[in-house]
Amino acid sequence: MKPEFKIISDFIEKNTRVLDVGCGDGTLMEFLQNNKEIDIRGIEISKDNSQKCVGKGLTVIEGDAEKDLTQFPDGSFDFVILSQTLQAFLNPETVIQELLRIGKKAIVTVPNFGFWKVRLHLLLKGTMPITKNLPDEWYNTPNLHMCTIKDFYNFCHDRKIKLDKSLALHNEKISSINELNLNIKNLSAELGIFLIER
Amino acid sequence: MNEKVNIKSLIIDKPLKLDCGQTINNFPLAYETYGSLNKKKDNAILIFHALTGDQFVSGKNPLTKKDGWWSYAVGSGKAIDTDKYFVICANVIGGCLGSLGPSNTNPVTNKIYGTAFPIITINDMVNAQYNLLDFFKIKKLFAVMGGSMGGMQVLQFVSNFPDKAKVAIPIACTASHSAQNIAFNELGRQSIMADANWASGDYSNQNKNPNKGLSVARMAAHITYLSKNGLQEKFGRKLQERDDLKFSFDADFQIESYLRHQGSAFVDRFDANSYLYITRAMDYFDLTKEHNGNLSRAFANTKTKFLVISFTSDWLYPTSENKEIVIALNAIGADVAFVEIESDKGHDSFLLDVPEFLNTLKDYLNNSYSKNLI
């Protein structure tokens, strides 16, 4: 299992209601369902992936998180997960607000555009970075709003969003992010994982 | 049409009070089953048929000698696997294949009911079919499912009996019949009534048959089951067994010939008054209004797991109307999954060989069933 999923799983408490936004083919949902006693739902934009999820018997609705989260009442989930999807939205700020409206807490993971390899790629090659986490070319990437760990950290800070937990992930190594090491983590981590609440 | 075929039927001795106020007693409910009920009685699936369907879901229909209406989905090894599940389907009341309907004899007058038959609703249909659970001694169905009017019955069933099905699969349907759909149904009814042989509904007693009217009703309805692209692709402007236009009103185009065939084949198997009654039941269906404008209330406290399915080219029961059901269920935290299947086959997609639909349905059922066993 991806270390990212393991961390997400550790954030989630027993007997809770969870929504996975952009649940893909349902890998994380299945993992959580098998390892945690939780009631988990998903929403996924791709037809192919939605059908895969439903075929697995998972409770997934095909839909666009930017439009379709409105149908969930305030605080209807204990945790809302957004795994490496924030950067693909037209309006990430609205999506974060929606996550915090329908979820008591949200788990957001962001591929870090501040990672040193990404920076070096642009610096030395002068072309848009392509890495393991960012495999697409500039012209066909679904990622509209890339950000760095520091960007997201500051974003939460500016909007008075509470950062319950901030973790940096690099080569399966997990470390915590704080005010003091923010610049270092922003350079050394591939992925940021945040547990946030209003 | 009254040719004798082997039809299984229950006589329901429990009086059923209809929404119109009348009560029916000792009435027949015709049904068919496929596969076998296991010892735990936890593998039963109740399928509800659509407007012109019947209880013969799969195999050969003994009346038409054609494949059952859902043969693509139901059968050994198919999406609804009869090696695994016990499938039950009943003819709706108001229908014409063995269940009490307008072509039955009214015991009071000893004449065929015709339009003296009481108006029935989707709710009445569902309440009548609920008797099947008692008959088979099934405490809880594994699943209820159906497309179009069958989907409406699924919604009504779960609303009436929130703890009687583990899984509910309404397909290509709506919780509230739209103005456009009422309009199309009215067109069909007026076509039947405009046929002089309809004789105010008394045609059977007068040895007449409003075949022309019923046939035109079917032709008009059939167009609504397809999509513009589907029609264009299948027929285009292709001519019917001729090289050029005939400058007449013959069926020059293949689409005309196809529709005429659909119309004339239909009258051999369907009763005109049943068509009036069943379309009326669909028009009256409004689960939202029944719950004071809040569809969520129809499903309050339900433990049933829902899968709602729509099709991209279905303009009769479009995705937006299917999504209303999903939204109402999500608003109360019910367990609901939803997929919209890509297909150019229109509303009829649910009856046809649409692999993405059938595969999703199959996997969902099998996974939900095995998870329930643990």
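**Entry 1: the end of α6(A)**

I started at G126(A), which takes a positive phi of about 75 degrees just after α6(A). Helices here are DSSP runs of H or I with at least four residues, strands are runs of E with at least two, and both are numbered from the N terminus. The model is a predicted one, so I kept to its limits: local features need pLDDT of at least 70, side-chain atom pairs count only at pLDDT 80 or more, and totals for chains, interfaces and linings use all residues. Residues are numbered from 1 along each chain as its sequence is written, while chains are lettered from A and ligands numbered from 1 in the order in which they are written.

I then checked the cover on helix α6 (residues 116-125) of chain A and found 1 buried residue among its 10. Buried means 20 or more other C-beta atoms within 10 Å of the residue's own, exposed means 12 or fewer, and partly exposed lies in between; the C-beta atoms are placed from the backbone.

**Entry 2: chain A as a whole**

I counted 8 helices and 8 strands in chain A. Its C-alpha atoms fill a box of roughly 45 × 35 × 30 Å along the principal axes. The radius of gyration of chain A is 16 Å, which agrees with the value near 16 Å for a compact globule of 198 residues. That radius is taken over C-alpha atoms, and the globule rule is 2.2 Å times the number of residues to the power 0.38. Of the 198 residues, 42% count as buried. I also noted that 64% of the contacts in chain A with a separation of 6 or more join residues 24 or more positions apart; a contact requires C-beta atoms, placed from the backbone, within 7 Å.

**Entry 3: where chain B meets chain A**

I found 21 residues of chain B in contact with 15 residues of chain A. On the chain B side, α9 (319-331), β14 (335-341) and α10 (355-373) each give two or more residues, and α10(B) gives the most, with 8. This side divides into 9 nonpolar, 6 polar and 6 charged residues. Nonpolar covers Ala, Val, Leu, Ile, Met, Phe, Trp, Tyr, Cys and Pro, charged covers Asp, Glu, Lys and Arg, and polar covers the others, Gly among them. For the complex, the predictor gives an ipTM of 0.94 and a pTM of 0.96.

**Entry 4: domains of chain B**

I took the bounds from an automatic or database domain assignment: domain 1 is 8-176 + 286-296 + 303-373, and domain 2 is 182-278. Their centres, over C-alpha atoms, are 26 Å apart. I listed 25 residues of domain 1 in contact with 19 of domain 2; the domain 1 side has 10 nonpolar, 11 polar and 4 charged residues.

**Entry 5: N185(B)**

I placed N185(B) in helix α3 (residues 179-193) of chain B. N185(B) counts as buried because it has 24 C-beta neighbours inside 10 Å. Leaving out residues up to four places away in sequence, N185(B) touches T279(B), M282(B) and D283(B). Its C-alpha atom is 10 Å from that of A281(B), 96 residues apart along the chain.

**Entry 6: the largest nonpolar core**

I looked up the largest nonpolar core, which has 160 residues; V80(A), I45(B), V87(B), A143(B) and V144(B) touch the most other members. Such a core is a set of buried Ala, Val, Leu, Ile, Met, Phe, Trp, Tyr and Cys residues joined through C-beta atoms within 7 Å. Helix α7 (residues 272-284) of chain B supplies the largest share, 7 residues.

Technical notes: Two residues are in contact if their C-beta atoms, placed from the backbone, lie within 7 Å.
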